[in-house]
Amino acid sequence: MGILGLAKLIADIAPSSVKENEIKNYFGRKVAIDASMSLYQFLIAVRSEGAQLTSADGETTSHLMGTFYRTIRLVENGIKPVYVFDGKPPQLKSAELNKRAERREEAQKALEKAEEAGDAEQVDKFNRRLVKVTINHMDECKQLLALMGIPYIEAPCEAEAQCAAMVKAGKVYATATEDMDALTFGSTVLLRHMTFSEARKMPIQEFHLSRVLEGLNLSQDEFIDLCILLGCDYCDSIKGIGPKRAIELIRQHRNIESVLNAIDTKKYVPPADWLHKEAHELFVKPDVTDPETIELKWNDPDEEGLVKYLCGDKAFNEDRVRNGAKKLMKARSGSTQGRLDSFFKVVPSPNNAANKRKADEKATTNKKQKGGKKFVRPK
């Protein structure tokens, strides 16, 4: 779910914190990709166009097809992707997971009724709602990535939290996911639409956390409380308080405790046993692997291994697989040139330099005047 309504709120109030970009402009960047979100996109995208791609024995292969070709496209554009897989969900997420299970049961019943009625549109609608990334999907993709020479990480808990930790540590440039809670976890840069931007002809959206906070006029702690008020995966929110009201309350009162003291709790009833403090703590100190212990290494693809794994039962075309492996190798051999901004230090602009000289001259003048000597600036 991520954070409800956060993307629109940022676009409305802090539009300068978001910029649109093309995939080619991320040449030389290391990007941590939320693997589960990426796989879900591939499963949904193929299903929306018809039946899922399947192997000879009827097993879904859409996730493998999407991961294989999309990763090649990223690498061809000079991007170094690292996929991060979810681990065990935190206990606080159990209520949200139960709600999702209930919604799936409702969707299954609605699907059966639509099938009985012969309503193709409704059948497609509820089929998409039943799409789920399974452990088997993730294990197959891990095997594929290893053969492609692409690193992946198994997070101890939430993938977005692990991605954010890696961004903050400077291991990667950004987190690529559709879930806005990557910002709540502290990812300094968030990229949305990276894994499907070209397929859907959509630009990549690049969010910068520092600009988001500046535009919203919030600290990171206040931003986390705003996200909890909007609605997150770890606790319920206060019914009746929408995005605009939520940010007004946080700006005025600066934290949820003060908000609760200020609002009419009979009109805006907080959830019973509201775990907002625990949710805040989880966003501040999530369970992640120390990024300093993580070694990211991109290797040459195993062409024969890819052919053996993807062709045959999984029914991939051998010529296309071999062609994909060669593209990976070519991109890898041609990606030794880094980004220019990694070779040069940022220097002050002429205006900044001039301002600094004026400040230095003024300081010198004041110092000499205090010393009892009259100082005349030379013309």
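On a 1 Å grid over the protein atoms alone, a pocket is an open set of points with protein on both sides within 12 Å along at least five of seven lines, while a cavity is a set where a 1.4 Å probe fits but cannot get out. Volumes are the space filled by probe spheres set on the points, with points joined across faces, edges and corners.

This is a predicted model, where local features need pLDDT of at least 70, side-chain atom pairs count only at pLDDT 80 or more, and totals for chains, interfaces and linings use all residues. Residues are numbered from 1 along each chain as its sequence is written, and side-chain values use heavy atoms, leaving out hydrogens and water.

Let's start with the largest pocket, which holds about 1,400 Å³ of space. It has 37 lining residues, with S36, Y40, R100, K132 and V133 closest to the centre; lining here means an atom within 4 Å of a point. Helices α2, α4 (94-117), α5 (120-129) and α6 (135-148) each put in at least two residues, and α4 gives the largest share, 7 residues. Helices (H or I, at least four residues) and strands (E, at least two) are DSSP runs numbered from the N terminus. The pocket lining splits into 19 charged, 14 nonpolar and 4 polar residues. For those classes, Ala, Val, Leu, Ile, Met, Phe, Trp, Tyr, Cys and Pro are nonpolar, Asp, Glu, Lys and Arg are charged, and the others, Gly among them, are polar.

Of its 13 lining residues, Q41, A176, T177, E178 and T195 lie nearest the centre. β2 (30-34), α2 (35-48) and β6 (189-192) each supply at least two of the lining residues, with the largest share, 3 residues, coming from α2.

Now for some helix packing. α9 (residues 209-216) and α10 (residues 220-230) pack at about 80°, axes 10 Å apart, which makes the two roughly perpendicular (65 to 115 degrees). L209, V212, L213 and L216 of α9 meet Q220, F223 and L226 of α10, contact meaning heavy atoms within 4.5 Å.

Finally, confidence: pLDDT, the predictor's per-residue confidence from 0 to 100, averages 86 over the protein chain, and 83% of the residues score at least 70. Residues 342-359 fall below 50, with 2 contacts beyond near neighbours in sequence. Residues 364-379 are also below 50, with 6 such contacts. Where pLDDT is low, the predicted coordinates should not be read in detail.

Key. Axes are lines fitted to C-alpha atoms, for helices over the stretch in contact, and angles run from 0 to 180 degrees between N-to-C directions. Angles under 35 degrees count as roughly parallel, over 145 as roughly antiparallel, 65 to 115 as roughly perpendicular and the rest as oblique.
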